Each structure stands twice: as structure tokens, then as C-alpha cells.
Amino acid sequence: MIRFSNVNKNYGSFQALVDINADVARSEVVVVCGPSGSGKSTLIRTINRLEEIQSGSILFDGQDVHAKMRSKELNHLRSRIGFVFQSFNLFPHLSALENVALSPVTVNGVKREVAREKALQLLDRVGLAAKAGSYPGQLSGGQQQRVAIARALAMEPPAMLFDEPTSALDPEMVGEVLAVMKALAADGMTMMCVTHEMGFAREVADRVWFMDGGRILEEADPESFFSRPQHPRAQRFLSDLRH
Amino acid sequence: MLWDILSIIQDNWLLLLIGQYPNGPLGGFAATLILSVLSIALAFPLSVLLALARMSRSPFLLWPSTALVYIARGVPLLMLILWVYFMVPVLIGANIPGFVTMLVTLVIYEAAFLSEVVRAGIMALGRGQMDAARALGHSYLGAMWYIILPQALYNMMPSILSQFVSTIKETTLGYVINVPELTFAANQINNQLLTKPFQVFFILALVYYLVCWTLSHAATVLERRIARKRAGTTSGTLPVELQPQTLTVEP
Ligand SMILES: Nc1ncnc2c1ncn2[C@@H]1O[C@H](COP(=O)(O)OP(=O)(O)OP(=O)(O)O)[C@@H](O)[C@H]1O
Ligand SMILES: [Mg+2]
């Protein structure tokens with residue numbers, strides 16, 4: 001579903017991603033973790049080309065994301081990659097319902113009534129049907145993030161990317177967002193998720209990637225990663241995380 | 001003194017209000033107002049285009065728009081007016097009325113200033129909104145249209161109103177190229193009376209002051225309201241309004 005081949009990315013002279021080679025299979029849930037500045041956000045943002053890469057290639061559903069293409073083609077490709085941000089990035093001038101229904105209408109040309117109907121279903125799916133008319137400013141962080149997930153799902157993406165979806169949330173709201181993500185995973189969604197929520201990783205992830213210094217240093221199933229990390233950096237990272 | 005002022009107003013209110021219309025061109029306060037409103041109304045869309053051009057990566061858009069903004073901001077308005085007044089007839093080979101000269105000049109000048117406001121408003125939104133829009137598949141212009149500009153322009157409303165106030169004050173410069181606006185009318189009255197310049201120009205100042213103060217005040221109120229709304233503490237009316245919809249939504 002997602003394949004990184006020899007991906008290198010630099011910001012100026014700083015190399016943020018070094019020779020990334022990795023795969024995410026269909027319906028697989030991959031959790032990416034690693035210390036701050038290790039390149040997790042950069043990695044996940046190259047998949048929908050919010051960040052450019054300098055060499056290598058990234059295939060998404062068979063399509064080379066970083067190939068030369070018309071902007072129209074790129075927009076279409078992006079619309080098929082669900083992306084959830086750490087800071088939600090809901091559109092504050094639109095209600096929850098409009099946030100979800102806007103892009104299907106304006107990007108995909110779905111009929112307005114159809115899109116609104118669908119948006120309501122999605123809001124219901126994330127437990128927020130009652131908040132359809134509320135504006136982001138009137139919603140809690142957890143609610144906003146759930147709307148953001150519904151908004152991404154409205155484009156019917158075959159895969160969803162999450163960049164620390166719960167790290168901007170108060171602890172008591174983390175659970176509600178993770179619950180939505182777990183349900184998604186259970187429905188067979190292909191997911192790549194940057195997170196430090198170990199419980200989530202243990203329960204849901206098929207594999208964990210550990211990153212540091214722009215490299216993927218370790219790939220393992222969550223059970224062995226958390227109980228027997230191989231790489232010294234991963235061992236230190238996990239012991240820091242537990243304290 | 002007060003008596004003088006009242007009697008001047010009594011004798012000349014129509015001239016101050018609409019100039020010599022219908023026997024001559026529309027002038028006075030009406031002309032001032034029409035000139036200001038038209039200027040801002042035309043300058044506003046132009047300023048958005050200018051701002052987008054200034055943020056563009058294409059040198060064909062970036063360079064001319066940047067030059068225009070720098071020139072308009074770096075040159076006194078009066079000079080710009082004189083340029084347009086003397087150069088445009090030479091260029092197009094025909095005379096244009098003072099009103100049109102003034103309008104064209106003000107539109108360019110205000111658009112240059114407003115474009116900086118628009119640009120700042122867009123940049124103040126931060127990268128997250130554009131990222132979110134692009135990630136959903138919106139084109140750059142689509143993202144601007146549906147997501148960035150509605151927010152930026154809403155936040156800018158007080159600045160636009162302030163710019164409108166400046167424009168009203170700037171229309172007085174139309175006097176030098178004989179645009180029959182309010183200042184021009186006041187000067188006509190002064191020329192007739194000859195002996196009461198203080199009284200006449202006091203009236204003039206008062207009218208400008210009242211109009212501009214009211215609008216500035218409105219801008220301040222608007223600014224506070226927007227700041228409050230951005231902080232998320234909207235007045236309780238919004239959820240109440242939405243309640244019927246919310247209820248029908250429940251499965
Ligand atoms: N726009 C940029 N320009 C220059 N350097 C950048 C830029 N964005 C990120 N970097 C650098 O690239 C490295 C990786 O950043 P990235 O945001 O991917 O890290 P991260 O693993 O997501 O960290 P965090 O856990 O703090 O979110 C960091 O050292 C960062 O300073
Ligand atoms: Mg990050």
C-alpha cells in the first residue's frame with residue numbers, strides 16, 4: 001500500500017531522512033515512534049507530498065507520489081490519503097458538519113446534500129452527531145480531533161496517516177480519540193500512526209517502527225519491540241518513555 | 001460665531017451635501033462618499049489579487065506586484081494624483097474627468113496598502129490551515145478561496161474599515177485637480193463669503209471628524225468582537241440558534 005524505497009530528504013544541509021526503505025501492507029497498522037526531531041513527522045508528510053524528497057521514491061497504492069505530475073493529479077492523489085494533524089487544523093469558520101462536507105463537494109464534486117448526509121454519518125461514527133452544528137472553537141480538543149478524523153474519512157481514503165493525533169490533548173481526552181482509531185483499524189483501514197501511546201501500539205499495531213536521526217532503526221511487532229527492543233537507542237527511548 | 005456657523009449651514013447645506021447637482025456635477029459630501037466607497041470597493045478585490053501575486057513564486061506575478069506596492073507606498077498620494085492627472089490624458093489621448101482620475105489613483109493606492117493587510121492576514125493564519133486543505137486535495141487557489149481567504153478577510157474587516165476612513169480623508173486631495181467633493185464645496189462657499197474662513201472650515205472639519213470618528217469607533221468595536229470570537233468565547237446565541245438542527249441530527 002505504501003512503499004518507501006531509498007528515500008532521502010534534507011532541509012538545506014540537514015538530512016532529515018536517510019535511506020528509508022520500508023513497506024506498509026494493505027490493512028496493516030504501523031506505529032512510528034522515536035525521540036523528538038527523529039524525522040517522524042517528516043517521514044509521514046512525505047507520503048502525501050506535504051514535504052518533497054531529494055531522492056528515492058514513495059509508492060502509494062501503486063502510484064509514485066513524488067514523480068513529476070500535474071498539480072491536478074497530485075491534488076487527486078492527496079485527496080485519497082487521509083491525514084490527521086497533531087493540532088487538528090479544523091477550519092474554524094466552518095461548523096463541524098461543514099468541515100467534513102466541504103472537500104467532498106469542492107474537490108470531488110459530490111452533491112451537497114449527499115455530502116452532508118454522509119458527513120452526518122461520519123460524525124455519528126466518531127460519536128459527534130450531536131455536535132454537527134458546532135464550530136471548532138466550541139468543541140474540546142478531543143472532539144475537534146474526532147471531527148478531523150471524520151473530515152479525512154469523508155474523502156474515502158484507502159489509507160490514513162496520523163501525526164501524533166493525541167499529543168496535543170489533555171489526558172482525559174486521549175481515550176476517545178484512540179477509541180475512534182481503534183475502531184478504524186478494526187474495520188481494516190490501512191494506518192500509519194506517529195504516536196507514543198504504547199497501549200494503543202500494543203493493542204492495535206501490527207508493527208512498530210522506531211526512528212532516530214532520520215533512519216528507521218528497528219522494525220518489530222509491538223510485543224517484541226516493547227518487551228525486547230534490540231537497538232540500544234530504542235532501549236533508551238523506551239526506558240525514558242516509561243519514566 | 002455659532003450664529004455664523006448655523007447661518008452658513010442654513011444657506012449652503014445643499015451645496016455641502018450634493019454640490020451643484022442637478023445644475024452641475026454631483027459634488028459635496030455625496031461625491032466624497034461615493035468616491036470613498038467606490039475606491040475601497042474596487043481596491044479590495046484588486047488588493048486580494050495583488051496579495052496573492054506577492055506571495056506567488058512566479059517572477060511574472062511577483063515582480064510587477066511588488067514594484068507596484070513599493071511605488072504606491074513610497075510616493076506621496078498627491079504626487080500619484082498629479083501623475084495620473086497629467087500622464088493618463090497624454091497616454092490615452094483624451095481628457096478624463098477629475099473624478100475618474102481621483103478614483104483610479106485611489107484604487108491603485110488603496111489596493112497597494114490593503115494588499116499588505118491581506119498578505120499579513122493570510123500569513124497570520126499559519127501553515128496548518130493550508131496544510132490541512134492541501135492534504136484534503138484542494139488546489140492552492142481552491143484552498144485560498146474556501147479556507148484561507150474567508151478567515152483572513154473576516155479577521156481583516158476592522159483594518160478594511162480603517163482603510164476606508166483613511167480613504168475618506170484622502171479624497172480631500174481631489175481638491176487640487178478640481179474634483180467637486182466636500183472640501184471643494186467648502187472652498188466655494190469660502191470664496192463667496194470671503195470673510196468667514198474659520199467658520200466655513202470649522203464646519204468642514206466637523207463633518208469629516210464625525211464621519212471618521214464614527215467609523216473608527218465601529219472598527220474598534222468590530223475588532224474587539226472578532227478577537228472575542230477568535231478566543232472561542234462566542235456569545236451564547238450561537239449554540240441556541242443551532243439547537244433545532246442539532247436535535248434533528250440525532251439518530
Ligand atoms: N521546515 C524545516 N526546516 C528545517 N529543518 C526542519 C524543518 N522541519 C523539520 N526540520 C528538522 O528535521 C528534523 C526532523 O523533524 P520532524 O518534525 O520530522 O521530527 P519529529 O520526529 O516529528 O519530532 P517531534 O516528535 O518533535 O514532532 C528535526 O531536526 C527538525 O529540526
Ligand atoms: Mg513531529
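Predicted model: local features only at pLDDT ≥ 70, side-chain atom pairs only at ≥ 80, totals over all residues.
Strand E3 (residues 29-33) of chain A runs parallel to E9(A), and four bridges join the two.

E9(A) itself spans residues 207-212 and is mostly covered, with five of its six residues buried. It also pairs with strand E10 (residues 215-220) of chain A, this time in the antiparallel sense, over five bridges. Across that pairing, A:Asp212 stands opposite A:Arg215 in E10(A). The two strands make a hairpin with two residues between them. In the turn sits A:Gly213, which has a positive phi of about 55°.

A:Cys33 is no exception: the nearest cysteine sulfur belongs to A:Cys193 and is 10 Å away.

A:Cys33 is also tucked in, with a relative accessible area of 4%, so it counts as buried. Over in chain B, B:Cys212 comes out at 7%, which makes that residue buried too.

## An open sheet with a helix across it

Chain A also has an open sheet of four strands, in the order E2-E1-E4-E5 and with antiparallel pairing. Strands E2 (14-24) and E5 (63-64) stand at the edges; each has a single partner strand, so one side of each is left without a neighbour in the sheet.

At the E5(A) end, strand E4 (residues 55-60) of chain A pairs with E5(A) in the antiparallel sense over two bridges. Here A:Leu59 has A:Asp64 in E5(A) as its bridge partner. Helix H1 (residues 40-47) of chain A lies across strands E1 (2-11), E2 and E4 of chain A. The helix runs at about 120° to E1(A).

Now for helix H7 of chain B, which covers residues 140-170. How far apart are the end C-alpha atoms of this helix of 31 residues? They are only 36 Å apart, whereas a straight helix would reach 45 Å at 1.5 Å a residue.

Notes:
Residues numbered from 1 in each chain as written. Chains lettered and ligands numbered in written order. Heavy atoms only, no water. Pairing = 2+ DSSP bridges. Contact = heavy atoms within 4.5 Å. Axes fitted to C-alpha atoms, helices over the stretch in contact; angles between N-to-C directions. Disulfide = S-S within 2.5 Å. Buried < 20%, exposed > 50% of the residue type's maximum accessible area, 1.4 Å probe, protein only. Expected span 1.5 Å × (residues − 1).
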